[in-house]
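Trainee: Could you show me how to read this structure, one feature at a time?

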Amino acid sequence: MTTETARAATSATRAPVWHHHDVLDLDDFAVDEIETVLQLADRMREVLDRRIARVPALRGYTVVNLFYEPSTRTRASFELAGKVLGADVISVTASTSSVVKGESLIDTVRTLRAMRADAIVMRHAMAGATYLAAEHTDASIINAGDGAHAHPTQALLDLYTMRRHVGDLRGKRVVMVGDIAHSRVARSDLWGLTAMGADVVVCGPPTLLPRGLRAADRPAHAEAALPPVTIEIDLDRALAGADVVMALRLQSERQEGGLLPSLHEYAQLYQVTEQRLARAKPNCLLMHPGPKNEGIEIAGSVAAGRNSIIEEQVTNGVAVRMALLYLLSGRTESPGGGAGGAPAVEVRP
Ligand code: NCD
C-alpha cells in the first residue's frame, strides 16, 4: 500500500475527541484520543512541509523544556514544534539550572509556572517524576521520558509513522527487539500498539524482558503492568512475517551489571541484519527511536537500507508534537493559518 492510500484508508472524517490536560503515558488514552492526535498530526505535517512563515496558532502560549537527562531529538523536536506554531519556547537544562543549588523538582516546576509557562515538557531519570510534577502545577506536563517507565510522545510518533505506511494497524505484526526491560519507548509503544489492535511481539534475551509481561508472572488480583503481547526469545522466529520491526538500544545507563554475557554475543543473536530482515515481509518497515548503536542492535546497512524509515520518524516527531501542543492549548482556530491552510480543528473538552 502506498503512503497516500494508507493515509486515505485511515483518515475518514470523524469528530475529534480530546480529554487530556497532561500527557504522561498512553495507558490512559482512549483509541479515539489517539486517533485525534494522529489525524491532527497529518495536518501539522502539511504545515511543516509547506515551510512557510510560522503560523500563529499558538501565539501567546509558552512552552518550557525542562530536561534532567540528555536529549537531542526529543528536545529539539519540541522546540521546533512550538516555534513553528508561534509559541514562545525556552529550554532549561537541569545541569545549568538552580537544580544544582538544591532546588526541588516541585519548586522548579512552580517557578516556571509563576513565569506563566503553559506547558512544561519534562524528562527525568526517575520513573514517576513527571506524575509528581503534574500533581503540583496547573501547567500541562508532557512526559518526554521518565526513567524506564514511559515516553508517550515517542509512541505517538511511532504509531503515526507506521500508519502512514501500512494504514490500519489491526492485525499487523510489529516486532520490538532489544532491551525491552529498560526501555520507556517500548512500554509506551506497547500500550499504543495494543490499543490500535496490532499484534505485538517482543524479542530479546530473557534478562532484558520485563517481568510482568507474562500473564503467569502477575498476581491474580493485580492490574496488568503491561498489555498482553507475544514473547519470543529467538529473533529469526520473531521476524517471520513481520510488518514492522523496531530495534531498541541497550540502555546501559539503566542496566545493572551481569545481564549479558558479552556484547559480541548479544549482537550475534539480536542484531537486526539484512539476512535476518529477509524473513520479514518484503516491505517490512524498519524503525528505531534513536540514538542507535550501529553494529550492536542494528547493522549500519539496515539502518540506511530501503526498509528504513528512521529519519521519517524524526520528521513526524515534530508534527506529532505540534499536534499535542495544539490540543493541550485548548485552542480551536485553524492551525494552518487561514485560507489555503489546514482546516480548523474543533477540540471538545
Ligand atoms: C529514547 C529515550 O530517550 O528514551 N530516545 C528518544 O527519545 N528518541 C531511546 C533511547 O535513549 O535509547
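Mentor: Helices (H or I, at least four residues) and strands (E, at least two) are DSSP runs, numbered from the N terminus. In this predicted model, arginine 116 is placed in the loop between helix H4 (105-114) and strand E3 (119-124). Phi of arginine 116 is near 75 degrees, a positive value in a residue other than glycine.

Mentor: Residues are numbered from 1 along each chain as its sequence is written, and side-chain values use heavy atoms, with hydrogens and water left out. As the model is predicted, local features need pLDDT of at least 70 and side-chain atom pairs count only at pLDDT 80 or more, while totals for chains, interfaces and linings use all residues.

Trainee: Which residues surround the ligand?

Mentor: A residue is near a molecule if one of its heavy atoms lies within 4 Å of it. Here the ligand is surrounded by residues including Arg73, Thr74, Arg123, His151, Arg184, Gly290 and Pro291. Helix H3 (73-84) and helix H7 (184-195) each supply at least two residues of this shell.

Trainee: What is the peptide bond from glycine 290 to proline 291 like, cis or trans?

Mentor: That bond is cis, with omega near -10 degrees, and proline 291 lies in the loop between strand E9 (285-287) and helix H11 (300-303).
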